[in-house]
Amino acid sequence: MEGGWSAAQILGHLIDSAANNHQRFVRAQFVDHLDFPGYDQEQWVAAQHYDREPWPQLLALWLAYNRHLAHVVAAIPPAVLTAPRARHSLERIAWQRVPADQPATLAYLIRDYLGHLQAHLQQLYQTLED
């Protein structure tokens, strides 16, 4: 991926991010931690050959996944969103990392996902304009 990802690869990465964060958002409701595995983003993008997939299909999947995530997040009880979790892996997996010795919340993880999403959408728009 010399020179950066293509528009399709950026959108594919956002689909991968949605998939990984989906399971985190659901699992976090039933455990007392936010300790989740990361994933190798470059390998995931390379393995799925997003450049070979039709753009409308990628866009539809990304849109549907994020609409579902909005539904999932809207159903999370406020107490679950704001409960501090001493054990987490956000020093490794978050876009804006949280030191391991500081507690984190599911609300933070969700906002971090949205920040990551917004940053890549700006990158995608720039790629499409070039």
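This is a predicted model: local features need pLDDT of at least 70, side-chain atom pairs count only at pLDDT 80 or more; totals for chains, interfaces and linings use all residues.
Q: Are helices α1 and α3 roughly parallel or roughly antiparallel to each other?
A: The axes of helix α1, residues 7-27, and helix α3, residues 55-74, come within 10 Å and cross at roughly 25 degrees. Angles under 35 degrees count as roughly parallel. The relation of α1 and α3 is therefore roughly parallel.

Q: How many nonpolar residues are in the contact of α1 with α3?
A: Where α1 passes α3, the crossing is left-handed. The α1 side of this contact includes Leu 11, Leu 14, Ile 15 and Phe 25, and the α3 side includes Trp 55, Trp 62, Leu 69 and Val 73. Divided by class, the residues of the contact of α1 with α3 comprise no charged, three polar and, as the number asked for, 18 nonpolar.

Q: Does α1 pass α2 in a left-handed or a right-handed crossing?
A: The axes of α1 and α2 come within 10 Å, and they cross at roughly 115 degrees. As for the hand, the crossing in which α1 passes α2 is right-handed.

Q: How many charged residues are in the contact of α1 with α2?
A: From α1, the residues Gln 9, His 13, Asp 16 and Asn 20 meet Gln 41, Trp 44, Val 45 and Gln 48 in α2. The residues of the contact of α1 with α2 divide into two nonpolar and five polar, and the number that are charged is one.

Q: Is α1 roughly parallel or roughly antiparallel to α6?
A: The axes of α1 and α6 come within 9 Å and cross at roughly 170 degrees. Since angles over 145 degrees count as roughly antiparallel, α1 is, relative to α6, roughly antiparallel.

Q: How many polar residues does the contact of α1 with α6 have?
A: Residues of α1 in the contact include Ile 10, His 13, Ser 17 and Arg 24, while those of α6 include Tyr 113, His 116, His 120 and Gln 123. By class, the contact of α1 with α6 has 14 nonpolar residues and one charged residue, and its polar residues number seven.

Q: Is His 13 buried or exposed?
A: His 13 has its place in helix α1. Leaving aside neighbours within four places in sequence, His 13 is in contact with Trp 5, Tyr 39, Gln 41, Val 45, Tyr 50, His 116 and His 120. Buried means under 20% relative accessible area, and because the value for His 13 is 0%, this residue is buried.

Q: With which side chain does the side chain of His 116 make a polar contact?
A: His 116 is found in helix α6, residues 106-129, and it is buried, with a relative accessible area of 10%. Not counting residues up to four places away in sequence, His 116 touches Leu 14, Ser 17 and Trp 95 as well as His 13. The polar contact, at 3.1 Å, is between the side chain of His 116 and that of His 13.

Q: How far apart in space are His 116 and Arg 85, C-alpha to C-alpha?
A: In sequence, His 116 and Arg 85 are 31 residues apart. In space, their C-alpha to C-alpha separation is 21 Å.

Q: What is the relative accessible area of His 49?
A: His 49 is found in the loop between α2, residues 41-48, and α3. Although His 49 is not a glycine, it has a positive phi of about 50 degrees. This residue is partly exposed, and its relative accessible area is 37%.

Technical notes: Residues are numbered from 1 along each chain as its sequence is written. Side-chain values use heavy atoms; hydrogens and water are left out. Axes are lines fitted to C-alpha atoms, for helices over the stretch in contact, and angles run from 0 to 180 degrees between N-to-C directions. Helices (H or I, at least four residues) and strands (E, at least two) are DSSP runs, numbered from the N terminus. Angles under 35 degrees count as roughly parallel, over 145 as roughly antiparallel, 65 to 115 as roughly perpendicular and the rest as oblique. A crossing is left-handed if the near helix is turned anticlockwise from the far one by less than a right angle, and right-handed if clockwise. Contact means heavy atoms within 4.5 Å. Ala, Val, Leu, Ile, Met, Phe, Trp, Tyr, Cys and Pro count as nonpolar, Asp, Glu, Lys and Arg as charged, and the others, Gly among them, as polar. Buried means under 20% relative accessible area, exposed over 50%, partly exposed in between (1.4 Å probe, protein chains only). A polar contact is a pair of N or O atoms within 3.5 Å; within protein, one must be able to donate a hydrogen and the other to accept it, and residues adjacent in sequence count only if both atoms are side-chain atoms.
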